[in-house]
Amino acid sequence: MSSPVSPDQKGGQTPKTFMPRIFSGIQPSGGLTLGNYLGALKRFVEKQDEGIETIYCMVDMHAITTWQEPAKLRQQTREGAAAFIAAGIDPKRSILFNQSQVGAHAELGWIFNCVARMGWMGRMTQWKDKTAGKNAEAASLGLFAYPSLMAADILLYHATMVPVGEDQKQHLELTRDIAIKFNNDYGVDFFPVVEPLIEGAATRVMSLRDGTKKMSKSDPSDQSRINLTDDADTIAAKIRKAKTDPAPLPDTAEGLKDRPEARNLVNIYAALAGHTVDQVIRDFAGAQFGTFKPALADLAVAKLSPITSEMNRLMADPAEIDRILGDGADRADAIARPILEQVYDITGMIRSRRK
Ligand code: AMP
Ligand code: TRP
């Protein structure tokens, strides 16, 4: 497959238009949560179904920026792939693969390490959060360079749009900075300036125990999140026990301001139901949590249970998942390799072994 970009394009010409192409990734550093589902997976499926070319990746190379037990990493990579398929990703229409099987990611990541500046990385809030209160000197070099590999993931495919949750916004701005600096440094118009797609009612799903903290696979409390592997009873119990305030639901969305826990549950309801927050507020104005929580639990179980059972069915045949990932990696490589070869040309590397 060839890219729409000619290798010898120089800066100063009319900027090229790039074909619409979507790339996004999820780390197999734990089991997936409702936050991953609403902020990422569900929207990945919508983009696929809109007919845009979609490439989705389990970013195992990113996962090892913090320690991962090898057997668990393998299991979580398969489980993530199973979650994509169970949520509606069709591995024939989308490309679904794991990052380490396409070596071009690491190769372009290195080149971008030489484009990006230390100062840019040091300003990343994810880096600061992950090292806060800890000895940053002991963090891996990979964790520091993480956003540069993420930029490589995206730009390797000349992807133009990246659906993500709110927490990834800064990394996508950095991806734009890397693309612009590369284009300027080498006097080319080679990499597109990507557009983040941060949309919907659930771009930032919060912890069920603390409405000011993101729901995360790495939170020590399992009660803080709904996992895509939770059964119906567990989901219902977690929602029943979710932290709230004593007031009933307001009659306008404005009334959720300064009520982070209430707002979070309403946002989750809206995103699961495919309604706007205003619609949910209209339906539940004045309702106590004693009414709203069971309704939310029923909705969550109705939407998530089919995904969980399909994931379990797929996980019974890990060889089939590996086959799908391998096939996806071949197709990803066919797009990525020619683009990487152009990057090597642009940067002045001799490629005389190229076939
Ligand atoms: P990660 O689990 O950090 O690899 O995230 C994978 C994708 O899920 C990214 O697009 C994140 O922005 C998104 N995501 C993770 N947690 C949440 C959350 N609590 N709310 C919304 N989106 C999330
Ligand atoms: N950094 C993203 C996260 O933790 C995962 C990721 C890696 C990603 N490469 C990507 C997301 C490329 C979008 C595009 O959520």
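How far apart do the C-alpha centres of domain 1 and domain 2 lie? They lie 30 Å apart. Hello everyone, let me walk you through this one.

First, some ground rules. This is a predicted model, where local features need pLDDT of at least 70 and side-chain atom pairs count only at pLDDT 80 or more, while totals for chains, interfaces and linings use all residues. Residues are numbered from 1 along each chain as its sequence is written, chains are lettered from A and ligands numbered from 1 in the order in which they are written, and side-chain values use heavy atoms, with hydrogens and water left out.

Back to the domains. Domain 1 covers 7-198 + 317-347 and domain 2 covers 222-314; these bounds come from an automatic or database domain assignment. At their contact (heavy atoms within 4.5 Å), domain 1 brings 16 residues and domain 2 brings 14. Between them they bury about 1300 Å², with 77% of it on carbon and sulfur atoms. Buried area here is the accessible area (1.4 Å probe) that two parts lose on being put together, summed over both. On the domain 1 side, Leu34, Tyr37 and Ala86 lose the most area to domain 2, together 38% of what that side buries.

Now, ligand 1. It is surrounded by 18 residues, each with a heavy atom within 4 Å of it. Gly165, Asp167, Val205, Met215 and Lys217 are the closest. As for polar contacts to the ligands (pairs of N or O atoms within 3.5 Å), a polar side-chain atom of aspartate 167 sits 2.4 Å from an oxygen atom of ligand 1, and a polar backbone atom of glycine 165 is 2.8 Å from an oxygen atom of ligand 1. The protein covers 93% of the 480 Å² of accessible area that ligand 1 has on its own, by the Shrake-Rupley method with a 1.4 Å probe. Helix H1 (34-49) gives the most to this shell, with 4 residues; helices are DSSP runs of H or I, at least four residues, numbered from the N terminus.

For glutamine 168, a side-chain N or O atom is 3.0 Å from a nitrogen atom of ligand 2. Alone, ligand 2 exposes 370 Å², and the protein buries 91% of that.

Note on methods. A polar contact is a pair of N or O atoms within 3.5 Å; within protein, one must be able to donate a hydrogen and the other to accept it, and residues adjacent in sequence count only if both atoms are side-chain atoms. Helices (H or I, at least four residues) and strands (E, at least two) are DSSP runs, numbered from the N terminus.
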